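Thanks for coming, everyone. Please bring the model up on your screens, and we will walk through it together.

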Amino acid sequence: MVNHLWLKSRFWLDSLSKQQGSHERHLIEYQQSLTQQFTRTIYDADLMAIDLEMTGLDPMKDQIISIGLVPISKGTIPLVKAQHLMISIDGSVGQSATVHGIVDHQLQDALPVDAAMEWLLKATQGHILVAHHAPMDMAFIQQSLQNVFGQRLLLPFIDTLMIEKSRYLRQHGQLVEGCVRLGQSRERYHLPVYAGHNALIDAIACAELFLAQVSALGGSTQIKCHELVGLSK
């Protein structure tokens, strides 16, 4: 659990540390749009499930090739608002195509990374991000922000993997290999099986898992966002 006053003070101090150019104002406005979410319940908060597909697992050298987004609103997942974006990259997707199924020619008309980051900030402004194994996704987003804007953002997130890890340890005492992966975690809540490694499908799968977890933890009207939020920069 993170104290909401501490969260707000971190955002305020981070905003003060940024220079006041046009890009910086844009980033500061993005951060400020998030602070009002911390004291809201999960039910009342604006949340956005996100998943990325990448060319590898190293944010310093690998690249994002697709982003899937779906909102979580009032305990529902409005699929009509789901979005899926392909991103052009430098070089080839290489062997990563065997994981996510995206090949080079599919990225020929994709957005460049600078436009993709602008799109991401606009699409998620005012929303706390929800992801499975969120630190990995956040690391890639932060590196892309650094490459495009020359700086990173203070990003709050909710990690469904960490929620599941905590619940599993309380119930079983120790982890079993693979037990908190997205598919295995969903299985414990009797959620349907989806094909993995598609950013949009995985974002939807994460959103469904999150609502099931919150229900098991006491319900979306009983849990405040700051109780589940972590920070990335």
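Let's start at Gln213. Beyond its neighbours within four places in sequence, Gln213 is in contact with Thr160, Ile163, Glu164 and Tyr189. Contact here means heavy atoms within 4.5 Å. Gln213 sits in helix α8, residues 199-217. Is Gln213 buried or exposed? It counts as buried, because its relative accessibility is 0%. The cut-offs are these: buried is under 20% relative accessible area, exposed is over 50%, and partly exposed is in between, with a 1.4 Å probe and protein chains only.

Now the ground rules. This is a predicted model, where local features need pLDDT of at least 70, side-chain atom pairs count only at pLDDT 80 or more, and totals for chains, interfaces and linings use all residues. Residues are numbered from 1 along each chain as its sequence is written, and side-chain values use heavy atoms, with hydrogens and water left out.

Next, the overall fold. The protein chain has eight helices and six strands. In sequence order the pattern runs α-α-β-β-β-α-α-β-α-β-α-α-α-β. The protein chain is as compact as a globular protein of its length, because its radius of gyration is 17 Å, close to the 17 Å that the globule rule gives for 233 residues. That radius is taken over C-alpha atoms, and the rule is 2.2 Å times the number of residues to the power 0.38. Helices are DSSP runs of H or I with at least four residues, strands are runs of E with at least two, and both are numbered from the N terminus.

Some totals. The C-alpha trace spans about 45 × 45 × 35 Å along its principal axes. Of the 233 residues, 50% are buried. Take the contacts with a separation of 6 or more: 68% of them join residues 24 or more positions apart.

On to the core. Which residues touch the most other members of the largest nonpolar core? They are Leu47, Ile50, Ile67, Ile141, Ile158 and Phe210, in a core of 55 residues. A nonpolar core is a set of buried Ala, Val, Leu, Ile, Met, Phe, Trp, Tyr and Cys residues joined through side-chain atoms within 4.5 Å. Take Leu47. Setting aside neighbours within four places, its contacts include Ile42, Pro71, Ile72, His127, Ile158, Phe210 and Cys225. Another core lies apart, with seven residues, among them Ile89, Ile102, Leu107 and Ala110.

Cys225 deserves a stop of its own. It is in the loop between α8 and β6, residues 229-232. Cys225 has 0% relative accessibility, so it counts as buried. What does Cys225 touch, not counting residues up to four places away in sequence? Its partners are Gln37, Phe38, Arg40, Thr41, Ile42, Ala45, Leu47 and Ile128. Gln37 is 188 residues away along the chain, yet the two C-alpha atoms are separated by 6.9 Å.

Ile223 is in that loop between α8 and β6 too. With a relative accessible area of 7%, Ile223 is buried. Thr41 is 182 residues from Ile223 in sequence, and 5.4 Å from it in space, C-alpha to C-alpha. Leaving aside neighbours within four places, Ile223 contacts Arg40, Thr41, Ile42, Val214, Leu217 and Leu228.

Leu5 lies in helix α1, residues 4-17. At 56% relative accessibility, Leu5 counts as exposed.

Last topic: backbone angles. Most residues other than glycine have a negative phi. Lys74 has a positive phi, near 55°. Lys74 is in the loop between β2 (64-72) and β3 (83-86), and at 43% relative accessibility it counts as partly exposed. His190 also has a positive phi, about 60°, and is not a glycine. His190 is in the loop between α7 (182-188) and α8. Its relative accessible area is 73%, so His190 is exposed.

That's the tour.
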